[in-house]
Amino acid sequence: MTDDNVVHDSVPRPTDGWTTRPETAADRAAVHAVNATAFPTEAEADLVDALRLDADAWLDGLSYVAEAPDGSVVAHALITRCTVDGRPAAALAPCAVRPECQRTGAGSAVVRAVLDAARTRGERLVLVLGHPEYYPRFGFTPASAYGIRPSFEVPDEAMMALVLDSGDGSWQVPRGTISYPAPFGV
């Protein structure tokens, strides 16, 4: 059997299920490591740490991890508070998967889990700046269609919005400029 055909116990195959759950204090170092290894620099890992300290940004219960069968953290997705022209919204970022677990479904599993948690919590609008080929699978569409824009230049198709619940019909998607928490630096 070649190495390409070996299934390592700590890395589920794409058909395997992933355990997702809210981050605990015991996961912080693992979450930092996942973000540090998934991106070229530690900027995203440091961003998560900074957001955790920002009382206006941090939303308890909306930092999720995916675990390998051995219990190790292999993926992370975070939703924090942002605003659209002063009205509450949520920002999905960062989302990260350990390089050896990318393209296995771990990222999709943790994103779905954190979006479900946001929906349960009563969040109505989630924004993401991300890959336009990836996030539409979760229901994201260009934010510009709702009249939402960032305060900086990005390709239109990369700034996306997901309306989780329109409630009783009295709530309307806010229009205007997105304001991110200070740790984002924008």
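Before you colour anything: Ala, Val, Leu, Ile, Met, Phe, Trp, Tyr, Cys and Pro count as nonpolar, Asp, Glu, Lys and Arg as charged, and the others, Gly among them, as polar. This is a predicted model, where local features need pLDDT of at least 70 and side-chain atom pairs count only at pLDDT 80 or more, while totals for chains, interfaces and linings use all residues. Residues are numbered from 1 along each chain as its sequence is written, and side-chain values use heavy atoms, with hydrogens and water left out.

**Stop one: the pocket.** Select Phe39, Cys95, His131, Tyr134 and Tyr135, which lie nearest the centre of the largest pocket, out of 34 lining residues. (A pocket is an open set of points on a 1 Å grid over the protein atoms alone where a 1.4 Å probe fits, with protein on both sides within 12 Å along at least five of seven lines; lining residues have an atom within 4 Å of a point.) The lining splits into 23 nonpolar, 8 polar and 3 charged residues. Now show β4, which gives the most, 7 residues. (Strands are DSSP runs of E, at least two residues; helices are H or I, at least four; both are numbered from the N terminus.)

**Stop two: the core.** Pick Val74, Ile79, Leu92, Leu115, Val126, Tyr135 and Phe140, the residues with the most contacts inside the 32-residue largest nonpolar core. (Such a core joins buried Ala, Val, Leu, Ile, Met, Phe, Trp, Tyr and Cys through side-chain atoms within 4.5 Å; buried means under 20% relative accessible area, with a 1.4 Å probe and protein chains only.) Helix α3 supplies the largest share of this core, 9 residues.

**Last stop:** zoom in on Phe140, which touches (heavy atoms within 4.5 Å) residues including Leu92, Leu115 and Met160.

Notes. Buried < 20%, exposed > 50% of the residue type's maximum accessible area, 1.4 Å probe, protein only. Lists of a residue's contacts leave out its neighbours within four places in sequence.
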